[in-house]
Amino acid sequence: MKLYEKLAASLPQPMRDQYVSTVETLLRTRREVFAAQAAYKAADTAYVNLLPDVGMCLQLVTYDELWVFIPDESRYQEVALGRHAIDIMGSYSTDRDVFETEAEACEALIAHQIAEESKTIAAAQNRIDSLKADLERLRK
Amino acid sequence: MKLYELLAGVLPSDQRETYTQAVKAVLAAEAELTEAHNKLYDARRVLGSEESRAQDDWEHTPAPPLWVVIGTSMERRCNLSMRELHRAVQSDTEVFTDDTEAQMYHIRGRIKQAQDQVHRTTANITSLEQRLVELEKGLCK
């Protein structure tokens with residue numbers, strides 16, 4: 001018998017069933033985390049094993065112009081001007097958005113800013129709706 | 001365009017697909033791991049609130065003397081309230097009120113450990129034998 005089953009036995013219903021179900025959810029989730037960690041480790045090892053061959057090719061390539069998007073700071077940055085591809089790979093995460101011209105980077109930045117502002121507007125609208133509902137309840 | 005797509009573009013065709021797939025696999029695994037961590041965080045939070053509601057019941061309920069399995073050993077826990085037991089021992093730990101049952105569980109665990117050790121050693125011997133055969137073949141040449 002598991003300790004949580006023993007502990008649950010001293011609880012009244014429906015708390016008992018709820019407690020058992022919550023502990024079992026936690027244990028199942030913990031197993032999922034272990035499985036996800038193992039899967040990540042395997043995928044990362046496969047990626048790392050490719051790097052020596054990939055690096056050989058990337059050492060030979062340079063970029064004259066390359067712009068990298070920095071979402072947290074809502075800006076983009078020029079990173080190339082003759083930098084080697086391997087150097088750029090080592091400096092940024094592989095899923096970072098990159099652009100080969102400043103115009104493309106600028107367009108992406110504006111789209112990002114519009115999306116962020118839209119989120120602010122939606123949050124404010126929700127708050128207004130909720131306050132209106134409170135007011136309506138008070139009137140009644 | 002993502003950085004890995006840009007980099008993949010300069011690789012020879014045989015490497016391009018392998019590299020892209022490897023990056024996608026890492027990103028997908030990373031996303032799944034983050035999701036699993038978030039689920040675990042939520043589950044811990046819910047359990048925490050359930051446990052704080054249960055504290056009163058556990059505080060006033062004495063726990064029976066119990067055998068608790070800690071790793072490969074057994075410990076006797078007596079004169080504790082359910083609350084103290086809950087704080088001292090992880091909730092998915094095996095516990096037994098019956099001495100014989102506890103000893104049987106403990107012995108089964110040790111048998112399993114010994115069997116695993118035998119399997120590992122057998123695999124090592126097989127691998128060493130194969131290596132010896134390869135070395136002997138090399139000597140014959």
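Trainee: Is Asp97(A) buried, partly exposed or exposed?

Mentor: Please note that this is a predicted model. The relative accessible area of Asp97(A) is 26%. Buried means under 20% and exposed means over 50%, so a value of 26% makes Asp97(A) partly exposed.

Trainee: Where do Lys2(B) and Asp97(A) lie, and what does the pair join?

Mentor: Lys2(B) is found in the segment before helix 1 of chain B. Asp97(A) belongs to the loop between helix 3 and strand 5 (98-99) of chain A. The pair therefore joins two chains.

Trainee: How many salt bridges does the rule find across the interface of chain B and chain A?

Mentor: Among them is the pair Asp92(B) and Arg30(A), with closest N and O atoms 3.6 Å apart. Glu32(A) and Lys39(B) form a salt bridge at 2.8 Å, and this pair joins two chains because Glu32(A) lies in helix 2 of chain A and Lys39(B) in helix 2 of chain B. Across the interface, the rule finds four salt bridges.

Trainee: Which element gives the largest share of the side of chain B that touches chain A?

Mentor: In total, 50 residues of chain B are in contact with 46 residues of chain A. Helix 1 (3-8), helix 2 (13-59), helix 3 (82-88) and strand 3 (95-96) of chain B each supply at least two residues of that side. The largest share, 26 residues, comes from helix 2 of chain B.

Trainee: How many residues does the largest nonpolar core have?

Mentor: In soluble globular proteins, nonpolar side chains tend to be buried together. Here, the residues with the most contacts inside the largest core include Tyr47(A), Leu58(A), Leu3(B) and Tyr19(B). Helix 2 of chain B gives the largest share of this core, six residues.

Trainee: How far apart in helix 4 of chain A are Lys119(A) and Glu116(A)?

Mentor: These two residues form a salt bridge, with closest N and O atoms 3.1 Å apart. Both belong to helix 4 (residues 102-139) of chain A, where they are separated by about one helical turn because they are three residues apart.

Conventions. Residues are numbered from 1 along each chain as its sequence is written. Chains are lettered from A and ligands numbered from 1 in the order in which they are written. This is a predicted model: local features need pLDDT of at least 70, side-chain atom pairs count only at pLDDT 80 or more; totals for chains, interfaces and linings use all residues. Side-chain values use heavy atoms; hydrogens and water are left out. Contact means heavy atoms within 4.5 Å. A salt bridge is a side-chain nitrogen of Lys or Arg within 4 Å of a carboxyl oxygen of Asp or Glu. Helices (H or I, at least four residues) and strands (E, at least two) are DSSP runs, numbered from the N terminus. A nonpolar core is a set of buried Ala, Val, Leu, Ile, Met, Phe, Trp, Tyr and Cys residues joined through side-chain atoms within 4.5 Å. Buried means under 20% relative accessible area, exposed over 50%, partly exposed in between (1.4 Å probe, protein chains only).
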